[in-house]
Amino acid sequence: MEINQPQINLPAKQVAEFAAALQANAPDYDVGVSEEALQRLTAYYQIINTWNPRLHLVAPCSAAEFARRHILESLLLLRHLPTGARIVDIGSGAGLPTIPCLITREDLSAVLIESAKRKAIFLREALALVGKTGVTEVIAQRFQDLAPSAAQFVTARAVERFAQILPRLIDWAPRPSTLLLFGGSELTGTFKALGLRYEEMLIPNSERRFLYIIQRDE
């Protein structure tokens, strides 16, 4: 499937605002961003803006909000990922949270599962732009139709009807593995109903969004 995307050159002021916000807010999220990573993250921000009018990858927001809510929140995963970790990203969409993590850490690899074929095309283009095709695989199917991927970590962020899909995702996750899930406090009821033990981390600059850490050892 081919998609002809318009060439969009973002205003220099907008690009500069994104880069400045990323650097200024990184300490709040306890992450470091090298100059090379900053350049690649900026390129990633620009390609999302290029495709977003047609594919609706993320809700419209300012450059500074994108840096905080999308990039820096994604990088919260890094503290949970040991050297050489392999991630499977469910409903990857715009590539969040996994692509920012891949850009920032050279040792990581990932499988990105996205059922929408047009978004899967975007993911391949974005990964090529930031030089990460060699350590990734993009699968344009529903995770429910696939065997569990060989990965130690499973992540998901901004999945539609997440609370409904969550029991199937928990059952699907490879054993052993760690699930790193972004969501609101409403997910805790599902975790408790499933008898899961979990840790929760309040996302910086947020009152109601969490990163949940769940171990699947059985």
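Let's begin at Ala147, which is exposed with a relative accessible area of 58% (exposed means over 50%, buried under 20% and partly exposed in between, using a 1.4 Å probe and protein chains only). This is a predicted model, where local features need pLDDT of at least 70, side-chain atom pairs count only at pLDDT 80 or more, and totals for chains, interfaces and linings use all residues. Residues are numbered from 1 along each chain as its sequence is written, and side-chain values use heavy atoms, with hydrogens and water left out.

Ala147 sits in the loop between β3 (136–139) and β4 (153–156); strands here are DSSP runs of E with at least two residues, helices are runs of H or I with at least four, and both are numbered from the N terminus.

Now for the rings. Two rings of Phe, Tyr or Trp (its six-membered ring) pair if their centres lie within 6.5 Å; planes under 30 degrees apart make the pair stacked, over 60 edge-to-face, and the rest tilted. That rule gives nine aromatic pairs. One of them is Phe191 with Tyr198, a tilted pair at 5.1 Å centre to centre and 50° between the planes. Phe191 is buried, at a relative accessible area of 0%, while Tyr198 is partly exposed at 24%. Phe191 also pairs with Tyr212: the centres are 5.0 Å apart and the planes stand at 70°, so this pair is edge-to-face. Because Phe191 belongs to helix α7 (residues 187–193) and Tyr212 to strand β7 (residues 209–216), the pair ties together parts 21 residues apart in sequence. Both Phe191 and Tyr212 are buried.

Finally, look at two helices. α2 (residues 35–55) and α5 (residues 117–129) pack at about 160°, with their axes 10 Å apart; axes are lines fitted to C-alpha atoms over the stretch in contact, and angles run from 0 to 180 degrees between N-to-C directions. So α2 is roughly antiparallel to α5 (over 145 degrees; under 35 is roughly parallel, 65 to 115 roughly perpendicular, and the rest oblique). On the α2 side, the contact (heavy atoms within 4.5 Å) involves residues including Tyr44, Ile48 and Trp51. Among those α5 brings are Ile121, Phe122 and Leu129.
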